[in-house]
Amino acid sequence: MRSAIVGFVVGAACLQMQANLPNYLILISLFVLACALAALSRRDVLYQFKIVLRLAMGALLGFVWAALFAQYYLSQELPKELEGQDVTIVGTIDSMPSYFERGVRFNFLVEKVLPLEGAMPAIPGKLALSWYSSFGSEEIQKIPEVQPGERWQFTVRLRKPHGNANPSGFDYEVWLLEQNIRATGHIRPEPSTELKNARLDSFVFSFNNVIERCRSWLRERVQNALQGKSYSGVIVALVVGDQRAISQSDWTVFNRTGISHLVSISGLHITMVAALFAGLIFALWRRSFFTSVRLPLILPAQKAAALGGAFAALIYVLLAGSGLPAQRTLIMLSVVATALWCGRITSISHVLCLALGLVVLLDPWAVLGPGFWLSFAAVAVILYVSVGRATENKPEAQSNWRTVLKTATLTQYAVTVGLVPLTVLLFAQTSLVSPVANAIAIPLVSFLVTPLALVGSVLPAPLSGWCLLSAQFLVAELAQLLNWLSGFSFAVWAAPVPTWWMFVLALIGTLWMLAPRGWPARYLGVFAWLPLVLNAPTHPRAGEMWVTAFDVGQGMALLIETEQHRFLYDTGPFYSPESDGGNRVILPYLHARGINKLDGMMISHSDMDHAGGALSVLNEIKVARVSSSLPQDHRIVLAAPMHEPCVAGQAWHWDGADFELLHPTAASYASDKWKPNARSCTLKITLNGLSILLPGDIEAVQEAELVEGDAAKLAANVLLAPHHGSGTSSTLPFLQAVQPQIALFQVGYRNRYRHPKPEIFERYGELGITRLRNDDAGAISLRFGSTIEVSEYRTDHARYWYGR
């Protein structure tokens, strides 16, 4: 069974790497082949190949099962012609609402679609909707409070699922697919009195609505009791699994200290709750709840305790949002409870494999999440270093707190060391202070903070307030210690993401180091880590230059790399107070590449789609100098270690590449008539006679000035389309002066500015210029050498859910 389950997981993972889904004929053939392998594995003649046959059988079944899941979910697609149209729908709010600065977001379960021009449009059954109260500083409507389970009528504008596609970035599209959300959109301000947005019913009964309403009620109680407290978001996360209120700065500290697994409903918390209820039921059942009924004679106390513990774990997991670690723990506890109920002894490895298989069976996309591998790997490491190991026989009297402390220390050591190769593979870093941080945080959070938070969320006032405030106080005190630990320069060891052979070699070395006592030369396992530890960041060779145009949505961000230097031009947009192009796109890419410093950063101008991620980058990695056209009192200028204004004529030389600023002039800073766009830093980079021109958001007037000044300097092989291809830029004389072979359009999918303008986009095409768009291609990579090589992320990293 175990080999078949492992094969099933491998098969499901292989399906998620495919660029296209196989057709039904291929799936039927694979299923028939799996059945044949299952029959062969039962034959005595092939007994020695049984494990291999079952692995292959499981892999084929996992591949087929994941493909069928994907086919079904993808079949509920929003028709292309409905994108951007107003559609009126009726349905129920299907999730806890998430409030943010400009509105609220929630999932919506569609029950009915009102006819559109006499026809009934085909709308996916589940949507992710946003309801905005303002746009920028402009108030557009007042949003009423919404609750899970309410039935509403909305007029919405939808679009197909789309997210930014970047190396080492979060894949929003597959996350939506996993949730079976096949369209996103926003609620329109009321278009008419006949089709107004209105609440139709205060609650529609269903199992999911009951659970979500309870979660919302618990979250509201915690937030009201801890209003204005710094770590109320952590308490909410421990009670209902909603982590959205935890600030990005807190997440940085938790990740650097390696305790982020505790700031969620983890397996340890669920096991603790289950054990607590099981112990309570066991004690009360043995005493028949202090009644004259002889309950142990009807049902043994052990079975009643197992049932009570499993039921408590189920309730907690449902209220927690059924995250992956919670699912894994619930399945394992349920298997153990079932085995105890049936009087059968269950192998721990069987329990782990069964949990692994059931999680993938219910959610084939789980294999794409780092939490899946970390969750099961942590349990596997604990089993590897504990189950079946010989222990010293000591008198019971000596089994005291020293023994418990020694066991806990060895377990923490094993988990810390055992997960290093995996954390470096998944996150390009590992926390060196995590053993100390976890040694303090695990008992504090598990045995004090979590129980206080859970009890406080259900007790009546004022008891609830006392418990919740106590839990928040403990978290705040813990946070001070974690901030201190995370401040050390050695708190985190970062390295480039290793190649597959480096990871496998390090994994073998880890198993060797954690082998039982008596295993020969366990210290030799350290040497298997050397390729992982000595892995150096990749960089262009002499005479080469790499340019990466990130997919940041509606904004600009490009990384320029020469042999020994890294330079960032613009930093992408500002999405929300906790999210921007810097921490969502640029920094994950830099960390994965092992790049921990930049030799320069240029912010073309102050618009937030260009400067929005700058502070995140400056706070996270070293930047030698910043160039910009920003005012001297701007936050980015004040945060920069060294700043200089962009002025035409500035130039420098790195590794054979010439960098030259063509705009703005020094005189333009003294004038008040120009918008920030007009002062965009315009940079030209040339290597081996090949060049790229980065003009920011300059408009027609500035283009004319550049053409009239020295048109010959504008000639470039690659042009970043000025102002994202807006109607105010890319004039014909300018394009004729630049004469690019390739034009890059950094635009967001169906952005509200409608960039690039169709007539401008066609102008490039009429001039024979190759046009590349980030909203179609994802991140675009250019390699300058003797020629220019172009690669597109959505093509090189094609996945079946990218197809539109």
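Buried means under 20% relative accessible area, exposed means over 50%, and partly exposed lies in between (1.4 Å probe, protein chains only). By that rule W519 is partly exposed, because its relative accessible area is 43%.

The model described here is predicted: local features need pLDDT of at least 70, side-chain atom pairs count only at pLDDT 80 or more, and totals for chains, interfaces and linings use all residues. Residues are numbered from 1 along each chain as its sequence is written, and side-chain values use heavy atoms, with hydrogens and water left out.

## A nonpolar patch

W519 sits in the loop between helix 18 (500-513) and helix 19 (530-533). Helices (H or I, at least four residues) and strands (E, at least two) are DSSP runs, numbered from the N terminus. W519 belongs to a nonpolar surface patch together with W512, Y523, L524, V526, F527, L530, V533 and L534. The accessible area of the patch is about 930 Å² in total. Patches take residues with over 30% relative accessible area and no salt bridge, joining like charges within 9 Å and nonpolar side chains (Val, Leu, Ile, Met, Phe, Trp, Tyr) within 5 Å. Accessible areas come from the Shrake-Rupley method with a 1.4 Å probe, and for residues only the protein chains shown count as cover.

An open sheet of seven strands has the order 22-23-24-25-26-27-28, with mixed pairing. Strand 22 (651-654) and strand 28 (770-773) are at the edges with a single partner strand each, so one side of each has no neighbour in the sheet. From one strand to the next the twist averages 20°. Two strands pair if DSSP finds at least two bridges between them. Strand 23 (residues 657-663) and strand 24 (residues 682-687) run antiparallel and are joined by five bridges. L661 has L683 in strand 24 as its bridge partner.

Helix 26 (residues 758-766) packs on this sheet and touches strand 26 (718-720), strand 27 (742-745) and strand 28. Contact means heavy atoms within 4.5 Å. The direction of helix 26 makes about 140° with that of strand 28. Axes are lines fitted to C-alpha atoms, for helices over the stretch in contact, and angles run from 0 to 180 degrees between N-to-C directions.

## Backbone in the loops

Most residues other than glycine have a negative phi, and most peptide bonds are trans. The loop between strand 23 and strand 24 holds P664, which a cis peptide bond joins to H663, with omega about 10°. A cis peptide bond also joins H755 and P756, with omega about -5°. R754 has a positive phi of about 60° and is exposed at 63% relative accessibility.

## Salt bridges

A salt bridge is a side-chain nitrogen of Lys or Arg within 4 Å of a carboxyl oxygen of Asp or Glu. The count by this rule is 20.

| Pair | N to O distance |
|---|---|
| R182 and E77 | 3.1 Å |
| R188 and D86 | 3.4 Å |
| E561 and R566 | 3.0 Å |

R182 is buried at 4% relative accessible area, whereas E77 is partly exposed at 26%. R188 lies in the loop between strand 8 and strand 9 (198-201) and D86 in strand 1, so their pair ties together parts 102 residues apart in sequence. D86, R157 and R188 are linked in a network of salt bridges. Both E561 and R566 are buried.
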